[in-house]
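Student: Could you walk me through this one? I'd like to know where the labels come from.

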Amino acid sequence: MLIVDLLLALAALVTAGQCLLLPGLFRAVANLMAFGLVMALIWVRLEAPDVALAEAAIGAGITGALLLTAAGQLPASQRTLQSMASGATRWKIFIFVMVVLITGSLWMTVLALPKPGLVAEVAVVLPDSGAEHAVTAILLNLRGIDTLLEVAVMLCAVAAIWSLQKAIPPPALGDAYPGLPTLARWLHPLFLLTFSYFLWQGTHAPGGAFPAAAVLGAGGVLLLLTGSIVWMHQGAYNLLLRWLLAAGLLFFLATALSGLLMTGTLYGLPPRFASTFIIAIEVATALSIALMLMTFYLFGRPGRRL
Amino acid sequence: MRFVFTDMALTSDALYTLLGALLVAMALVSVFTARHLIRRLLALNILSSAVFLLLVVTARTSSGIDPVPHALVLTGIVVSVSTTAVVLALYLRRYRRNPPC
Amino acid sequence: MRELLGAGFIILGIPFFIASTLGLLRFPDVYARLHALTKADNVGLGLICLGLAVQANSIAVALKIVLIWGLILLASSTGATLIASSALRHGSAPRRRSDKDTHADR
């Protein structure tokens, strides 16, 4: 199996190197998407299936779609990416020495690190957390405050994007390429099915809110790309969109405060109701993350109203 | 047999640590030397992936797989895509063909 | 028996991938390369999926593997159409039989 690891590491290195060194914006972005897929395989080899699911949908799918759409909006003068290999020999030697130095010191440091881990501690509190799968229990109950802040960071990102410019209208692809909207429409039920399956599976097996949100967000981005979601761009629905975006965070905050009222500590869910709470938070978080991933794709504030 | 197995597990962990360290070094140097802003953004994405790789390798302890770094990495992936989206929106605000406002 | 059948299907699928990779590297223009990729990859992947499905433990897993093949067929055929029509619109015209091959003696 070491050969598989070696091949995967080599593939990751080659795609990352091509992404960083070759000229041409499109080629670099395509290499980054390939790198994301290779990383998803590496997560499977490292026994991190939750991370693999999220990386395959976000790292290879949504990031690539964002970068490619942005590249399509740029003028030709901005699309040329010079090759990194240009420059004086002395400069190249300096860069090579820097890479070797950083690699060596980091490798030595990480290999020498102690690996205490929290396996035993997590196993002790797992029965009271309301979920059988450890990663879901940590994300939504034990370290729920991290996930709460992460949803808040995403909401801040949406606010930052909205304050910059108006949304970029979707390109009219339907007339030129009739296959794409049809494919998006046909596949969307399957995206919804996968989303529900991950949510249902999340409490006892790899899956859960983040991979589910990534899959639904990717399907939504495909629909936005083909211009099938018109309401998101209309000014009349702007208020509804704002409330929907905030709903996940508000629900999360309400849960944290109800934990404070019931047990006296912020986000301390009582073990008796924990599983109900976890399912509710899981659905709310997944839906709001998926919606925010879709609003990233608008690159600005939708609607005519300011 | 058991000795061979543990030995192989060790080498594959060391291999992925080396990969993570190399990717961190390449991406870090690129972030500081690249001229084009989009290239810096790509380097930042690769840098975050490499850091996640180092974290997940650290999660493989002798007493089993530690789920806490996995949860951290899941959160980190979503935050890194948020960063990418904000940087792209800023970049488009400056360089788009027909600026909207 | 099932193991052997599955392994046979997988080994049968590998030459298709080799042929399509050769086509991707050696064919002269976008359309011919697309032809090589979509045709050969679909058959090769179908054979490999069939081999894995035969080896699977339960019917559900086998059906999931076949579903993966169907999804890839859908996505790759749509993607090939998109790339081809986009190339026809903005890029070069397809090569004709009478065109001189500039890379013939490479």
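Student: How many helices and strands does chain C have?

Tutor: Chain C has 3 helices and 0 strands, in the order α-α-α along the sequence. Helices (H or I, at least four residues) and strands (E, at least two) are DSSP runs, numbered from the N terminus. By the way, this is a predicted model, where local features need pLDDT of at least 70, side-chain atom pairs count only at pLDDT 80 or more, and totals for chains, interfaces and linings use all residues. Residues are numbered from 1 along each chain as its sequence is written, while chains are lettered from A and ligands numbered from 1 in the order in which they are written.

Student: What radius of gyration does chain C have, and what would a compact globule of 106 residues have?

Tutor: Chain C has 17 Å, but a compact globule of 106 residues would be near 13 Å. The radius is taken over C-alpha atoms, and the globule rule is 2.2 Å times the number of residues to the power 0.38. The C-alpha trace of chain C spans about 55 × 30 × 15 Å along its principal axes.

Student: Why are α9(A) and α10(A) called roughly antiparallel?

Tutor: Helix α9 (residues 179-201) of chain A and helix α10 (residues 209-225) of chain A pack at about 170°, with axes 8 Å apart. Angles under 35 degrees count as roughly parallel, over 145 as roughly antiparallel, 65 to 115 as roughly perpendicular and the rest as oblique. So α9(A) and α10(A) are roughly antiparallel.

Terms used: Axes fitted to C-alpha atoms, helices over the stretch in contact; angles between N-to-C directions.
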